[in-house]
Structure formats: C-alpha cells, structure tokens
Amino acid sequence: MIKVYVPRDSSALGLGAEKVAAAIQAEAGRRGARIELIRNGSRGLYWLEPMVEVATAAGRVAYGPVRPGDVASLFEAGFLEGKTHALALGPTGEIPYLKNQERLTFARVGITDPVSLEDYVAHDGYRGLRRALSLEPSAIVDEVTESGLRGRGGAAFPTGIKWRTVLNTPADQKYIVCNADEGDSGTFSDRMIMEGDPLVLVEGMTIAGLAVGATRGYIYLRCEYPHAHVTLNEAIAAAYAGGYLGDDLLGTGKAFHLEVRLGAGAYVCGEETSLLESLEGKRGLVRFKPPLPAIQGLFGQPTVINNVISLASAPIILDKGGSYYRDFGMGRSRGTLPIQLAGNLKQPGLVEKAFGVTLREILYDYGGGSASGRPIKAVQVGGPLGAYLPESQFDTPLDYEAFAALWAVLGHGGIVAFDDTVDMAKMARYGMEFCAVESCGKCTPCRIGSTRGMEVIDKIRLGEDLERNIALLRDLGETMLAGSLCALGGMTPYPVLSALNHFPEDFGVAASEKAA
Amino acid sequence: MANNQWKLEEISSIVAGLKDKPGALLPILHGIQDHLGYVPPETVPLIARELNLSRAEVHGVISFYHYFRETPPGKETIHICRAESCQAMGSDELEAHAKQRLGIDYHENTADGEFSLEPVYCLGNCACSPSIMVGTEVYGRVTPERFDEIIAETQAKP
C-alpha cells in the first residue's frame, strides 16, 4: 500500500482538491495500483495547492499544483515511486519555504490525517495532556506562564495570567471557551489548525480545563467555516471514543466535555464579551469590563476565553516545558507566530516563525514579492483593524512592542499585501464602511462615528474643503480611539489614519504637508 | 435550498430537540435555517414561547446576525468576499461582474429563484484570493471567467 496525500483543507478544496483525489483513486483503480489515499491538512504552501504527496522509502515527496488532468501523467511518470515530473517539488521537507520555518503549533498540520486519533498519538499527540494529568492545576498554569505565551487572537494578553485568575476564582462551574470566530481579513491560521490538526485544539482546551478546574468547553466557530465544523466534530467524536474527553479522562476520574457552537456572521462576535453574549443565545452586544470574563464570563461563571492558536500552543508547552517555548522569540514576544501571507503575493501561505523575523524577510523571502510583479506599496498587518505600513517600515521585526512603537499592531498575524495600484483613500473608506456594517451598535463612537467617517472620507476623495475635512477625520479618529467600548470602533482609526499618515497623496494632500 | 411548504410541527420538533441546551437560541435558529433556508417570521412566536423569551428578543437576535434571514433564499446562495485580501486581488471587478451576470445586487434573489447574492467579510481563503462561497463550497482565485464556469457547474447539478 502506497500512501498518497491530498489535502481536505478548504482552500485546497477551493482549488479542486476533491476532483484531484477522485482522479487519483480512479487512475489507481485502472492501473491496479494499490494506494491508500489520505486526506491531510494543508502544508500552507497555497500557491502549490492542490499539493499531492506520496510516501516513499526516502520520505514524502510533493507534486503541485496538481489538476485532475495531470493525474494520468503523474502515474505514467512513476510518481508513486517518487519519480520526477514537471510538477515535482522534491522532498516536501526540503522545500525552503517549509524547511526554514519553526513549526511548533503547526508541527503536525499537513502531515497527519486530521481526524485520526491514532495518527495524532503517533506524532507526539496527547503527550502534553498526559503530563498535565500528572501535575497540580497550579503547576500547569506555571508552565504556561513560564512559556511567555500571549494571546494570539490579537490582544497579546499573557495567557498564564488569564488562566491564573480563573484558577483562583472559586465557582461550581467554570468554562473554557475557544474563540474560533476568525473574522479578520488575511487570517486563516485558526482554520488551518481546525481543518488540519483539530485534535491539538481539543487537547489544548482539555489542558486548560485541568489547569483552571473547568469541566466544560465550547468552541465558538464562525459559520463561514463549514469544513472546519466537520473536522472539529469528527475530532471531538474520536477523542470521546478514545477516552480523551468525557467524565473519566484516561481513567483519572477527571472530566472535560467539549462542544462546537456556530456563530452567525457577526464580526463583532470575535470580541470576547460579545462572543460570550452570543454563546448565551443573545445579540452579540459588547459587555462593559470589568467584570473580566475570567471572573464573570459565560453564564456569569469564571471563564478562560482564548484564541484557537493560544489554546493549540498549550500541548507543546506542556509536553516540552515552558522554557522550551520561551526560548524562541525576542523581547517580550516569546515563542512563535503563525504568520499568514495573503493578498497580492506570489507565494501566499502559512509561515510559522519565531518572533523577530522582519516584515521584509516575510514579504520577499517567503512571499516572493507581489503576485502582479508590481512594487508592494502597502501592507496591512493584523486584520481589518490593523494599520497599513509603507515600504519604509518593512524592516520592522515582528514583535508586539516594535509594532506598537510604530502605532501598528501584529494582531492575529495576518499580512495582506497591496501593489502600487491600490488607492489608500479608498481602503480608508472601506475601513469605516466595514466598521459601520459590523458595529454592534452599543456605543456611539463606533455606531455613528463609522458612518460619519465614510461621509467625510467621501468628501475628501472629492476634494471638498480638504483642510477642514482632514482635520475633522483626525478628530473623529481620536473620538473613536478614546471613546469606543471595544476594539472594533477603538481600532478602526488604525487603518484609516495610518493610510492618511503614510499615503497623504492618495487623499489629495501633497506629501510635503504630511507632517501637519 | 428554500422550502416554502414547511409545517409548524417540523419547526416544533427542531425547537424541542434543542431548547434544553444552555444558550439554545442560536442553535435553534441554525436548525431552522438549515432545514428551510431561512427563519420564517411566523416561527418567532413558537420559539419565544418555548424559550420563555419575548418575541422582540427573538426577532432582535435574528436581525442582529447577518447570516440569519427572514425571507426564502434562492436555490443556491453565493457569497462574495469583500475583505481586504480579496480587494488586493481584484474582487471589486469580480463583484461588479457577478452582479451584472446575475442581474441582481447584494441581498437579492435572481428572478428565476436560482441564486441569492450576499457579501461576506472573509472566508479564511485569503491565500487564494479572490474568493467566493456557493452553498458550503469555497472557491479560490476566482476570475470573472471562472465565476461563470462555477455558475454553470452549479446549475448543471441535479
């Protein structure tokens, strides 16, 4: 039996992976070749998807991008023995894009069958949980604190402190909630984990449950991810069947239950308190803080609410120790960041690297420059609420503090590149429009400010009373920054004002007036 | 997949099966929309009664979330991503083409009832922009020509 891998990742499916898989199965049948077709996650080299791999005596070799019409010639060329072909990429692990990464959280993604418990355990899965089961709750939290892990959803709050707060808050019922409402444009690392290695998230949430004394968890998944919904449910069922979830985890008498809940297309529900409202079955209105969710979260109970990547990093931290993870990174940004390359790039995909790599290395050494061949004019880092950065800032290292110093954010690690045909005033207007569409409506600066913002940018783009309207836009930005209840209204000025600051000419303002 | 010939008993059984979950309203609304393609306003009193909520509260939740709809959709719903990554790869042009090809704007159904068109803000397919979703299938690197092919393939399905 020769193992052949065709991803079931939704981006690969969106490029025809299902038809490729069917063609391989059919061609193998025709030739009497004995193959085992495994549907893995994506390795994250998306310009090469659908990427097919074959397990040979010398390791896995890759071919891509494969179309259904290429399949017959692949068999003809002897791809089942790893032989060469026009689409041959060589040993998968030797592809520089992959080889030069530091894959900790993504260690298994693209390698294993995502819903096979056996495969997961054979690739070091559940070692973190086994260790956690032998530790006191406080010692589990200590490992996470030691690792320096900060919330990967964007806010970068130290995970250990959050867990400690929940551990120290007594209650009959506590919850672990996974924020899988990955709505930021340019981000897909959560999706890749949930489709490519969902058990690492299940394990991470179970560890969090043991750490703080929570017996129940929810994954709040955006409904735009139907494939992730399927893989998560399959993985959870496998974990229950294997004794890794339920009332008696691996015979220890400890309990943890897990369920997936679907969102319904509201971006603001990625904000933690809005998400909790939504899980409770209400409109996703942002709550005032305090009380923090760690004290009064889901159904009023102490709740750990973390992003997918934060929770999926817990297993390796528990397995290898907090100091192992902490030794990657720079400054106060410890460990690795799964960076998502998107937009106008030749080689978009997932790059997990230790903090400290520069934006330029990521955009050119990995991303390969723009897809259009034109100069990259701007990149937006950290989703729709992240600042636009011009070429002059591309040497900035990916580090939370270095970005904050530029009035920018790393956020969830998404990077969207634009070539020189982009109109930054149009992007600024879009920033306000997005905020208006997605505002929960609870606070005025966000609800009204976003609409007024669109109007004033429209006037600026028409050249009306430029000086006055630009002053008005800046003033509105200040109000939204300081007066909004959550990051939606409070950070919309980042893309809007960074576009104005770095690209004034697109707003009809001469570059010489830039300092004004 | 719209189903206008629904019976109240079907809705009752969906509600009854889910109402004891903590925070049951969203799962119930998903259950109804999965079954009918939308959440008919006539079902609101039943949901409200079973969950001990006011009708206004149930309506408020339905109207808050972009995904829930109170009118029947076309046979297939097409979501076009409007977010930044797709814009960087030409989604404006794709959007204009789709509207012109289908002869409708966002939140409308084609006259033959085949398609609904909705905007979406990110499908997580940003490494393969521009993206659309038809039903639950995501498509990447969608040019206007590819869009027409996808429409034809979708219509050819039984």
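A nonpolar core is a set of buried Ala, Val, Leu, Ile, Met, Phe, Trp, Tyr and Cys residues joined through C-beta atoms within 7 Å, where a residue is buried if 20 or more other C-beta atoms, placed from the backbone, lie within 10 Å of its own. The model is predicted, with local features needing pLDDT of at least 70 and side-chain atom pairs counting only at pLDDT 80 or more, while totals for chains, interfaces and linings use all residues. Residues are numbered from 1 along each chain as its sequence is written, and chains are lettered from A in the order in which they are written.

The largest nonpolar core holds 212 residues, and those touching the most other members are Val177(A), Leu201(A), Ala208(A), Val304(A) and Val379(A). Helix H10 of chain A, residues 198–212, gives the most to this core, with 10 residues; helices are DSSP runs of H or I with at least four residues, strands are runs of E with at least two, and both are numbered from the N terminus. Beyond its neighbours within four places in sequence, Ala208(A) is in contact (C-beta atoms, placed from the backbone, within 7 Å) with Trp163(A), Ile176(A), Val304(A), Leu311(A) and Ala314(A).

Chain A is assigned domain 1 (2–95), domain 2 (117–326), domain 3 (329–419) and domain 4 (424–513), with bounds from an automatic or database domain assignment. The C-alpha centres of domains 1 and 3 of chain A lie 30 Å apart, and four residues of domain 1 of chain A are in contact with five of domain 3 of chain A.

Between the chains, 35 residues of chain B are in contact with 45 residues of chain A, and H2(B) supplies the largest share of the chain B side, four residues.

Key: Contact = placed C-beta atoms within 7 Å. Buried ≥ 20, exposed ≤ 12 C-beta atoms within 10 Å, placed from the backbone.
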